[in-house]
Amino acid sequence: MVAVSRCRVCDAPIDAFMSFGRMPIANGFLTANEIPNEYFFELAPAFCGACGMFQIMEQPEPEKMFHEQYAFFSSTSRHMQAHFEGFANAVLGRVLAGRADPFVVELGSNDGIMLRHFQRRGIRHLGIEPSINVADVARGHGINTISEFFGRKLADDIVAEHGHADAILAANVMCHIPDLPGVAAGVQRLLKPDGVFIFEDPYLGDMIAKTSYDQIYDEHVFIFSVNSVARAFAMHGLELIDVMPQTTHGGSMRYMLAPKGSRAVSAAVGDALAKERAQGLDQGGTYLRFKQNCEASRGLLMRTLEKLPGKGKRVVGYGATSKSTTVTNYCGITPDHVEFISDTTPIKQGKLSPGAHIPVRPYTEFTRQYPDYALLFAWNHATEIREKESAFIAAGGQWIVYVPEVKIVS
Ligand code: SAH
Ligand code: TMP
Ligand code: ZN
């Protein structure tokens, strides 16, 4: 475990404004005999008043989270597949068009959900994916992937072997890497002078507006804003040239960066910065209100869950998401509240959820006998799931949701 008392980006002293308590590894699904050795750390977020970076104080070592048994396979969601096709097409059209023999690098390429669109077109590409099991899926599809953690040193090795990159891409991974300065320096070294770095991650503005505190878990060492990204990368000669809000993962932001002065800066950057100031994202008081909102959300969710079983109702969790580890452990949700969690990912099935130890079962268990209520842990996939689950509603089932507020809906 690595605990900091200074900002990982600007080295100013920082302090937690709240604690979610003892937390296990969010994707650490386990068997009953692994319970005695389950790993815990304190999940406590801080806001750096000096550079605006939202971060957690303690984080388990990366090797504890990203390894040969990593439980998150990107391609399990059809909507995410479509999303990454769109992302790839945007890069092909806006960045790579007209370039001779371009080279694309993706950090955290997982099972190849995005790189497959470059590979299919015969474009030179390289995925950097330390979790070997998910990387093997990509390699099995012919997608060039190396299983390493990206940083300054690896950037130099890639340049030596493949040359500089026209585009470096990353989705839902920059916020995972604690050594952000090292990654930024690596990106700067790997990028061509006219290259671009495009990444997206859950957005702080959405998290604050929706009280979606479950975005905070071990892997998410940072929750970025336009302000904090612009400042962190400016220290490494990279300029934020465009931003594009995304609906994925409950509200994300796509950031486009380039070597300073190489490209025009879109008006969208200034607009987003003004919006963040209006929302108070640079004010400490905003985070104290967020803390109160988290506590209120927890209270209401537990009161809702506690009165249901008394009426003889069955409650099942839907989606054993990494985010749900924060919710179950912070709120104190146990197998007494939730019979099991339905999930389509084979590696999670038959295991227990981290910390709360709620059984995870195959999706067929959900459809075999619909529960009265489904607690929508995978709320970020709500559109896809609600389209798919009309039979559950027709059978009288209802959803319990907690983002942006706790309510029961059908
Ligand atoms: N881009 C995919 C996967 C996101 S999950 C998507 O959006 O669905 C984050 C991925 O980043 C994991 O597969 C993890 O193994 C990988 N990762 C973690 N640290 C990394 C690092 N330092 N360099 C490259 N990849 C990393
Ligand atoms: P994520 O929120 O980290 O993307 O994880 C989503 C989890 O939810 C993943 O374990 C797969 C699961 N899931 C289902 O079980 N059914 C679904 O329809 C969807 C979209 C996801
Ligand atoms: Zn800072």
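This is a predicted model: local features need pLDDT of at least 70, side-chain atom pairs count only at pLDDT 80 or more; totals for chains, interfaces and linings use all residues.
**Entry 1, helix 9.** I looked up the extent of this helix and found that helix 9 runs over residues 267-279, which makes 13 residues, and that it reaches 19 Å from its first C-alpha to its last, close to the 18 Å expected at 1.5 Å a residue. I then asked which residues of helix 9 are buried, and found V269, A272 and E276. Seen down the axis of helix 9, these buried residues fall within an arc of 65 degrees, so they line one face of the helix. The spacing made me recall that an α-helix has 3.6 residues a turn, so residues three or four places apart point the same way. I next asked what the buried residues of helix 9 pack against, and the partners turned out to be helix 8 (226-234) and strand 13 (238-246).

I also checked both ends of this helix. At its start, a side-chain oxygen of S266 comes to within 2.9 Å of the backbone nitrogen of A268, and after helix 9 comes G280, whose phi is positive, near 80 degrees.

A polar atom of the Q246 side chain lies 3.1 Å from the backbone oxygen of M244. Leaving aside residues up to four places away in sequence, I found that Q246 touches H83, E200, G251, S252 and R254.

S252 belongs to strand 14 (residues 252-259), and at 1% relative accessibility S252 also counts as buried. A polar atom of its side chain lies 2.8 Å from the backbone oxygen of T248. With the residues up to four places away in sequence again left out, S252 touches D201, P202, Y203, D206, P245 and Q246.

Between strand 13 and strand 14 there is a loop that holds H249. The phi of H249 is near 50 degrees, which is a positive value in a residue other than glycine, and H249 is buried, with a relative accessible area of 13%.

N110 has a positive phi, near 50 degrees, and is a residue other than glycine; N110 is found in the loop between strand 7 (103-107) and helix 3 (116-119), and is buried with a relative accessible area of 5%. The peptide bond from V403 to P404 is cis, with omega near 0 degrees, and P404 lies in the loop between strand 19 (398-401) and strand 20 (407-409).

A polar side-chain atom of S74 lies 2.7 Å from an oxygen atom of the ligand. A backbone N or O atom of G108 lies 2.8 Å from a nitrogen atom of ligand 1, and a backbone N or O atom of A171 lies 2.9 Å from a nitrogen atom of ligand 1. On its own ligand 1 has 580 Å² of accessible area, of which the protein covers 98%.

Around ligand 2 I found 18 residues, and the closest are K323, D343, K348, H381 and K388. I then asked which element gives the most to the shell around ligand 2, and the answer is helix 13, with three residues. Helix 11 (322-331), strand 16 (341-343) and helix 13 (382-388) each supply at least two residues of that shell.

For polar contacts with oxygen atoms of ligand 2, I noted a polar side-chain atom of H381 at 2.8 Å, one of K323 at 3.0 Å, and one of T345 at 3.2 Å. Taken alone ligand 2 exposes 490 Å², and the protein buries 97% of that.

Conventions:
Residues are numbered from 1 along each chain as its sequence is written. Chains are lettered from A and ligands numbered from 1 in the order in which they are written. Side-chain values use heavy atoms; hydrogens and water are left out. Helices (H or I, at least four residues) and strands (E, at least two) are DSSP runs, numbered from the N terminus. The expected span of a helix is 1.5 Å times one less than its number of residues. Buried means under 20% relative accessible area, exposed over 50%, partly exposed in between (1.4 Å probe, protein chains only). The arc is that of the directions from the helix axis to the C-beta atoms. Contact means heavy atoms within 4.5 Å. A polar contact is a pair of N or O atoms within 3.5 Å; within protein, one must be able to donate a hydrogen and the other to accept it, and residues adjacent in sequence count only if both atoms are side-chain atoms. A residue is near a molecule or strand if one of its heavy atoms lies within 4 Å of it. Accessible areas come from the Shrake-Rupley method with a 1.4 Å probe; for residues, only the protein chains shown count as cover.
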